Amino acid sequence: MEYNYREVEQKWRQFWEDNKTFKTEINHSKPKYYVMDMFPYPSGAGLHVGHPLGYIASDIIARYKRLKGFNVLHPMGFDSFGLPAEQYAIQTGQHPAITTEENIATYIRQLKQIGFSYDWSREVRTSDPNYYKWTQWIFMQLFNHYYDKDENKALKISDLIIRFAESGNKVVNAVCDEDTEIFTAEEWNGMTEHQQQSLLLKYRLTYPDESVVNWCPGLKAVLANDEIKDGVSERGGFPVEQRKMKQWAMRITAYADRLIDGLNEVDWSDSMKDQQRNWIGRSTGASVRFAVDTILDKVNTPPFIEVFTTRVDTIYGVSFMVIAPELESVPFLTTPEQKEAVEEYVKWVASRTELDRMSEVKKVSGVFTGSYVINPFNDEKVPIYLADYVLAGYGTGAVMGVPSGDQRDWNFAKHFNLPIVPILDAQKEMDVQADNTKEGKYINSGIINGLDYKEATKVLTQFLEEKAIGKGKIQYRLRNAVFSRQRYWGEPVPVYFKGGSGGEPLPYLIEESELPLTLPVIDKYLPTDTGEPPLGRAEGWKYKGEYEYELSTMPGWAGSSWYWYRYMDAQNATEFASQESINYWKAVDLYIGGSEHATGHLLYSRFWNKFLKDLGLVPEEEFAKKLINQGMISGRSNFVYCIIVTNGLKPANTDIYVPISYYLKYENGDLSTQDFQELISETHGTDFLEKSINPMFKIIRLRVNVDFVDNDILDIEKYKEHFNEAKFILEDGKYTCGWEVEKMSKSKYNVVNPDILVDKVGADTLRLYEMFLGPLEQAKPWNTNGIDGSFRFIKKAWRLFYDDLGTFKVKDEAPTPAELKVLHTAIKKVEEDLERYSFNTVVSTLMICVNDLGSLKCSKKAILQDLVILMSPYTPHIAEELWTILGNEAGTISYANFPKFNPSYLVEANFEYPISINGKVRANISFPTDALPADIEAGVLANEVVQKWLEGKVPKKVIVVLKRIVNVVP
RNA sequence: GCCCGGAUGGCGGAAUUGGUAGACGCGCUGGUCUCAAACACCAGUGUCUUCAUUGGCAUGCCGGUUCGACUCCGGCUCCGGGUACCA
């Protein structure tokens with residue numbers, strides 16, 4: 001009896017659904033385990049075979065942990081706000097909610113047929129008002145908190161107000177806007193409500209910010225840096241420009257240090273942690289003020305220029321100062337003589353695109369402003385230049401130029417003939433390049449001459465602080481995160497604007513009791529005629545019928561920054577999740593998803609989690625203890641090779657497909673017209689071509705839908721259903737397609753649909769095969785060719801239970817030592833490999849076990865029962881079937897006990913030692929397992945093969961590694 | 001440029017702390033079954049040499065440490081990912 005996977009798999013999926021087999025509840029008698037996938041955006045294209053890779057791995061761990069006695073939380077949901085549904089709405093007028101609903105239905109159907117053990121009752125959708133109510137609620141908490149640097153946590157704005165009223169803001173050590181001025185309690189108390197609210201915005205963890213943003217006119221959206229690749233939008237490839245815009249921002253920089261420090265306590269890959277560290281970009285240094293010497297405008301010329309440097313010790317090597325051309329102070333630092341040159345340079349810089357700048361990194365450009373600053377350490381006059389290698393957005397937008405120690409400064413100095421002053425005696429070859437060494441003693445360096453790096457830095461920092469011209473400082477590359485999209489399909493921001501005493505309108509939160517603030521109905525999903533976001537179209541959409549709501553929506557990352565908590569208590573109507581559930585499940589033990597979220601989702605999520613922890617709402621500082629990044633699965637395209645004849649061919653509409661070998665010959669120019677004629681005559685008869693005409697032809701390579709191809713062999717009948725005029729020149733009776741690894745995409749006809757594979761070989765085979773492809777974290781091309789091996793494994797396992805005639809052959813006899821050894825070898829290896837997430841090697845182990853039991857003709861229930869449990873995380877359907885066939889209660893295998901490994905079954909009386917002579921294995925000799933090294937050595941030396949290789953000499957050395965190897969050194 | 005990975009048969013990959021390199025699977029070759037095919041099963045399959053035994057060479061390249069290196073160290077080459085004038 002052949003195993004009927006279609007019927008069996010369908011039966012068990014239905015059983016799991018009907019019996020809620022994987023419904024999870026809080027259970028304090030068991031240890032908890034939380035394993036979660038990065039939830040998908042439900043795109044219209046559905047799942048391809050690459051998507052479930054990580055889901056299969058996490059499901060295997062979930063099932064394994066259940067067998068190990070854990071109470072497992074394993075949910076799935078949908079990140080269902082996003083651009084594609086809205087783009088579709090713009091084109092068709094269909095509400096994005098409908099599109100999203102349909103796509104989710106497809107996803108659920110596809111996911112369910114792979115047999116995942118999700119607790120579907122906990123499913124979440126970020127676009128569901130019952131969900132985004134709490135996204136809005138968290139936003140409100142961010143608005144109501146500021147970051148206190150003394151307490152090193154977020155505190156209530158209401159407390160801040162009390163402190164301001166009592167003692168002003170001088171005593172408050174909080175994260176706030178750079179331009180926040182100092183005020184006293186008296187001044188605060190004298191302010192109007194509008195002035196106070198205006199000031200508080202400089203402290204709130206989320207606030208409206210006039211900022212330069214990446215505006216994408218093609219998508220009519222502001223994009224985050226990580227949504228831009230090579231100067232164009234990642235989605236759609238539209239150009240991106242810089243534009244000033246009022247945006248909501250999140251003060252993520254307040255958490256910069258904790259975001260870096262927290263990386264030490266999570267088990268993530270080094271590459272992932274490094275990406276986050278680099279993105280945050282903490283550099284330790286000092287700020288130094290250089291007094292401006294050339295006061296050109298008493299009001300507008302700044303009295304000093306502040307720079308940030310990581311190398312204060314090089315301060316005596318400063319020979320120029322460079323400021324970013326975009327700085328507002330530039331005109332007031334430019335002398336009349338230099339005005340023209342400076343204006344021209346500023347204009348030129350402004351005209352250049354991101355791409356220009358990036359491609360010309362090595363070119364030196366700049367201009368002298370005509371004015372000077374004074375180096376506070378040696379009172380020397382230092383010329384101020386403009387150059388575009390200094391970025392307005394980082395630090396103060398000004399840099400002290402130390403050509404001896406910094407290569408860019410060195411290039412600049414060479415170009416403008418500025419002095420290059422050595423400052424350390426260890427600096428070398430300074431006429432060729434800069435030397436950034438910290439070795440040696442200082443020279444030409446005033447108060448630090450003769451000191452070393454450590455001493456000098458201390459002396460200089462002290463000097464800076466005494467004279468109040470600078471201080472030790474930490475600078476970050478991380479910017480505050482933009483939190484607005486000028487789009488419809490996102491969470492409305494629960495804010496309205498109210499003016500006051502003639503000032504500009506300021507944002508106020510709606511009441512918590514008014515949540516969720518749901519998306520209003522609009523007629524079209526485009527910006528208004530006045531350029532406002534689509535929400536501007538909603539008629540009468542005003543708070544209390546009076547105040548303008550915020551018209552932009554939240555960005556894509558809002559809903560995904562806290563969803564793991566909602567799974568804990570998905571239906572809760574009064575809290576984002578109950579404290580009971582949060583304190584039980586705590587944090588995600590294993591999180592699986594793509595590495596592309598390193599600087600987006602994973603950073604924002606860690607930020608929100610830390611914020612929620614500060615509020616005492618969640619117990620853990622880090623939300624994902626262990627992270628695995630599954631590798632991208634690329635596609636494998638198939639090709640056919642078609643001859644196009646421009647004259648001399650009849651009938652005209654026939655397409656002739658030739659084998660790849662002809663194509664390669666043609667490509668090399670080795671296929672002559674005569675060859676071609678012979679070739680065609682051979683297969684199509686001599687009358688196929690007009691003899692009188694010399695045919696013109698070329699061979700072109702066409703992508704063929706991979707669904708028409710099996711093991712690179714084309715299914716010609718299927719192909720002809722679509723191209724019925726096709727004629728094929730066959731080799732060995734078949735047509736073999738060419739192939740190439742490319743991105744998996746519809747346009748390349750190489751999308752492999754899991755539905756088709758589930759139908760062809762079953763979900764168990766698909767699960768097994770995806771894991772067998774290679775290490776989970778490694779990027780790899782999809783290749784359906786090997787799937788037969790996994791399918792065979794399933795059938796072989798079935799045959800341990802039924803013979804060819806379909807007779808059930810399992811017996812209740814006692815297992816033999818050989819059978820127990822095979823089983824326990826597998827138990828040990830499966831357990832060890834799953835504990836280290838080596839999913840692919842577990843498949844080999846199961847195959848070896850089934851092969852060996854087959855060779856032993858083992859059909860003992862005691863053995864097979866444990867084997868079925870070992871298989872069940874990978875192939876749950878057949879495992880359920882066999883489990884019940886063996887007489888167990890249906891649906892109970894998921895909560896069975898993982899077999900206990902017994903090492904005594906693996907103990908052997910003898911060990912066969914490989915005997916290597918000078919590192920090369922020459923013989924194998926068996927010794928009792930407990931033999932002593934001296935006995936083994938004697939035995940080895942007595943062996944005739946060893947004797948032969950020693951040629952009668954006494955060996956220099958004999959190394960015996962017990963239970964491993966013997967090496968004889970002649 | 002900088003940071004992080006990686007390179008092993010025709011192919012995907014295995015070798016967990018330095019201890020028999022190539023597990024497992026695909027593909028291929030030969031065979032059994034069949035009228036035939038498919039399925040299934042059996043045998044072989046790194047490479048060179050040899051009738052065979054045997055032996056030589058093999059984990060991107062060069063060198064080192066070691067009784068012993070795919071594994072550790074130094075120097076390269078190529079490939080993938082991230083990032084970009086961050087002062």
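Sugar and phosphate make up 63% of the atoms of RNA strand B that come within 4 Å of the protein.

A polar backbone atom of Tyr394 is 3.0 Å from a base nitrogen of RNA strand B. Phosphate oxygens of RNA strand B are approached by side chains: an N or O atom of Arg799 at 2.9 Å, and a polar atom of Asn840 at 2.9 Å. Among the elements that give two or more residues to this surface are helix 10 (270-280), helix 23 (787-799) and strand 34 (957-961). Helix 25 provides the largest share, six residues. Helices (H or I, at least four residues) and strands (E, at least two) are DSSP runs, numbered from the N terminus.

Ser319 lies in the loop that joins strand 11 (304-309) to strand 12 (320-323). Ser319 is buried, at 8% relative accessible area, where buried means under 20% (1.4 Å probe, protein chains only).

A polar atom of the Ser319 side chain lies 2.8 Å from the backbone oxygen of Pro419. Beyond neighbours within four places in sequence, Ser319 is in contact (heavy atoms within 4.5 Å) with Val382, Pro383, Gly401, Pro403, Leu418 and Pro419.

## Basis of the model

Residues are numbered from 1 along each chain as its sequence is written, and chains are lettered from A and ligands numbered from 1 in the order written. In this predicted model, local features need pLDDT of at least 70, side-chain atom pairs count only at pLDDT 80 or more, and totals for chains, interfaces and linings use all residues, while side-chain values use heavy atoms, with hydrogens and water left out.

Note on methods:
Buried means under 20% relative accessible area, exposed over 50%, partly exposed in between (1.4 Å probe, protein chains only). A polar contact is a pair of N or O atoms within 3.5 Å; within protein, one must be able to donate a hydrogen and the other to accept it, and residues adjacent in sequence count only if both atoms are side-chain atoms. A residue is near a molecule or strand if one of its heavy atoms lies within 4 Å of it.
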